Structures are given as C-alpha cells and as structure tokens.
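Subject: A structure for you to explore

Hi there,

Here is the structure I promised to pass on to you. Please open it next to this email and follow along as you read.

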Amino acid sequence: FQGKPLDYGKDDCVRMAVFCLKQLGVTVSLRKAGSYRSELGAAKALKRTGFATLAEAVDAQGLPRIAPAMVLTGDILALPAERFGGALMIAVGNGRVFGYFDGQFQVGEPQGVEAAWRSI
C-alpha cells in the first residue's frame with residue numbers, strides 16, 4: 001500500500017486492514033459491504049453493513065479491544081478522522097503506525113488514538 005494513493009475500494013484503510021488481518025490468519029469478509037469506488041460509495045457500503053463507524057465494524061469482527069498503549073505489531077488502531085468515524089491504521093512497532101489518513105498513505109506516530117484491537 002505504501003506509495004499508492006487513496007483509491008476507494010482498492011487502496012484504502014479498510015482494504016489495508018483486511019489485507020493485514022488475512023496475512024495474520026484472521027478470517028474477514030467484506031461481502032456484506034459490497035464494492036465501492038468513491039467516498040460516497042464507501043459511506044453507503046458501511047451503512048449496508050449496519051454500522052455507523054469503522055470502529056463498530058471492527059468490533060463486530062470479534063477482535064478484542066485493547067488499550068492503545070498495549071498495541072503490538074499488526075494490531076489495528078482507529079485514529080480520529082472526519083469520515084467514517086475514524087481511520088484504521090496498523091501498528092508497525094516502535095510506536096509507529098501506517099495507513100491511509102487525510103487522503104494519503106502515511107507512516108508515523110499516531111495522534112489521538114480512539115480505539116485499538118488485538119489482531120492475533
């Protein structure tokens with residue numbers, strides 16, 4: 001995902017989080033959401049799943065919530081964002097995360113973590 005611009009339905013925070021979870025052996029399906037190609041389409045896809053925010057959707061996957069200070073490499077974090085109730089990021093170690101935020105892929109230290117989940 002690094003170096004790829006935000007492309008809803010292909011290269012976005014949800015697709016990145018699902019890819020990482022699958023690499024860790026966690027079963028995740030996006031079938032209920034369907035496909036989307038824009039911000040509006042992504043909002044409609046989230047609504048089709050019955051969730052108001054991405055954090056609610058992650059909770060429904062059964063991943064245990066953890067304190068942000070407890071994250072390990074591969075864990076998922078939700079950072080504040082104007083859209084979708086937050087942006088999903090992946091912990092990569094040494095207090096850093098990566099993911100799509102403000103329309104671009106970023107690597108850095110998370111600011112204002114709203115929620116975190118243990119991935120494995």
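Arg-118 and Asp-75 join their side chains in a salt bridge, with 2.3 Å from N to O. The term salt bridge here means a side-chain nitrogen of Lys or Arg within 4 Å of a carboxyl oxygen of Asp or Glu. Arg-118 sits in the segment after S5 and Asp-75 in the loop between H3 and S1, so this pair ties together parts that are 43 residues apart in sequence. Arg-118 is buried, with a relative accessible area of 18%, and Asp-75 is buried as well, at 1%. For these labels, buried means under 20% relative accessible area, exposed means over 50%, and partly exposed lies in between (1.4 Å probe, protein chains only).

Before we go on, please keep in mind that this is a predicted model: local features need pLDDT of at least 70, side-chain atom pairs count only at pLDDT 80 or more, and totals for chains, interfaces and linings use all residues. Residues are numbered from 1 along each chain as its sequence is written, and side-chain values use heavy atoms, with hydrogens and water left out.

How many salt bridges does the count come to? By the rule above, there are 3. Another of them is formed by the side chains of Arg-83 and Glu-39, at 3.1 Å from N to O. This pair also links distant parts of the chain, with Arg-83 in the loop between S1 and S2 and Glu-39 in helix H2, 44 residues apart. Arg-83 is partly exposed at 32%, and Glu-39 is partly exposed at 35%. Arg-65 and Asp-59 also meet in a salt bridge, at 2.8 Å from N to O. Here Arg-65 counts as partly exposed at 46%, as does Asp-59 at 32%.

Now for the sheet. The names H and S stand for DSSP runs, numbered from the N terminus: helices (H or I) have at least four residues and strands (E) at least two. Two strands pair if DSSP finds at least two bridges between them. Five strands make an open sheet in the order S4-S3-S2-S1-S5, with antiparallel pairing. S4 and strand S5 (115-117) are the edge strands, each pairing on one side only. On average, neighbouring strands of this sheet are turned by 25° against each other, direction ignored. Such angles run from 0 to 180 degrees between N-to-C directions, using axes that are lines fitted to C-alpha atoms, for helices over the stretch in contact.

At one end of that order, strand S3 (residues 96-101) and strand S4 (residues 104-108) run antiparallel and are joined by 5 bridges. If you look for Phe-98, you will find Val-107 as its bridge partner in S4. S3 and S4 form a hairpin with 2 residues between them, and Asp-102 in the turn has a positive phi of about 55°. Elsewhere in the sheet, strand S1 (residues 76-79) pairs with S5 in the antiparallel sense over 3 bridges. There, Leu-77 stands opposite Ala-116 in S5.

Helix H1 (residues 13-23) packs on the sheet, touching S1, strand S2 (87-93), S3 and S4, and its direction makes about 40° with that of S2. Touching is meant as contact, that is, heavy atoms within 4.5 Å. Which residues of H1 are buried? They are Cys-13, Val-14, Met-16, Ala-17, Val-18, Cys-20 and Leu-21. These buried residues pack against helix H3 (54-60), S1, S2, S3 and S4. After H1 comes Gly-25, whose phi is positive, near 90°.

The structure holds 0 disulfides, a disulfide being a pair of cysteine sulfur atoms within 2.5 Å. Cys-13 is buried at 10% relative accessibility, and Cys-20 is buried at 16%.

Finally, have a look at Thr-49, which lies in helix H2 (residues 39-49). Thr-49 counts as buried, at 14% relative accessibility. Apart from its neighbours within four places in sequence, Thr-49 is in contact with Lys-32 and Ala-33.

Happy exploring, and write back with any questions!
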